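The following note is intended for a colleague who is new to this structure. Please read the numbered points with the sequence and the model at hand.

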Amino acid sequence: TFTSVRSLRYVIYPIQVLAKSCKPVPVMLMGAVMGKKYDLRKYINVAMIVLGVALFMGGGSKRKGGASDDDKPASSQLIGLVLLFISLCFDGATGAYEDKLMSVHSVQPFDLMYNIQLGKTILAGVSLL
């Protein structure tokens with residue numbers, strides 16, 4: 001999304017990858033808000049994925065020498081984190097809404113994908129005019 005790409009101006013790429021790997025969390029939260037029930041097993045799986053990615057991204061050694069993106073000011077990184085949060089909120093709302101459309105209105109996944117892409121194409125075409 002726009003905010004996800006824009007956040008790269010303010011935070012380093014590994015931070016963005018880590019944040020986007022947590023996407024199941026807002027999807028489950030928004031799903032719960034929309035009335036969907038999840039098993040305990042699903043919560044455990046999501047927690048393990050997030051924990052595993054966090055451990056992976058946090059490990060390793062620092063680069064030696066050369067300029068680093070880690071030197072970005074804290075206020076700049078805060079802007080990037082806010083943009084990533086907004087992106088995750090949109091992702092969560094979209095995923096939960098698509099699940100609701102498929103279950104309540106019996107929309108098939110292919111039809112949903114086709115209509116979303118058709119809408120994006122129309123919006124892009126109109127914005128080019």
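1. A polar contact is taken here as a pair of N or O atoms within 3.5 Å, one of which must be able to donate a hydrogen and the other to accept it. In this predicted model, the side chain of Ser-21 lies 2.6 Å from the backbone oxygen of Leu-18.

2. Ser-21 belongs to helix 2, which covers residues 13-21. Is Ser-21 buried or exposed? Its relative accessibility is 18%, and because buried means under 20%, Ser-21 counts as buried.

3. Beyond its neighbours within four places in sequence, Ser-21 is in contact with Ile-49, Val-50 and Val-53.

4. The axes of helix 2 and helix 4 (residues 40-58) are 9 Å apart and form an angle of about 170°. The two helices are therefore roughly antiparallel. Their contact comprises eight nonpolar residues, one polar residue and no charged residues.

5. Helix 5 (residues 74-104) has 31 residues. From its first C-alpha to its last, helix 5 reaches 44 Å, close to the 45 Å expected at 1.5 Å a residue. Helix 5 is followed by Ser-106, which has a positive phi near 55°.

6. The buried residues of helix 5 include Ser-76, Gly-80, Leu-83, Leu-84 and Asp-91. Among the elements that cover the buried residues of helix 5 are helix 1 (2-7), helix 2 and helix 3 (24-33).

Notes. Residues numbered from 1 in each chain as written. Predicted model: local features only at pLDDT ≥ 70, side-chain atom pairs only at ≥ 80, totals over all residues. Heavy atoms only, no water. Helix = DSSP H or I, 4+ residues; strand = E, 2+ residues; numbered from the N terminus. Buried < 20%, exposed > 50% of the residue type's maximum accessible area, 1.4 Å probe, protein only. Contact = heavy atoms within 4.5 Å. Expected span 1.5 Å × (residues − 1). Axes fitted to C-alpha atoms, helices over the stretch in contact; angles between N-to-C directions. Parallel < 35°, antiparallel > 145°, perpendicular 65-115°, else oblique. Nonpolar A, V, L, I, M, F, W, Y, C, P; charged D, E, K, R; others polar.
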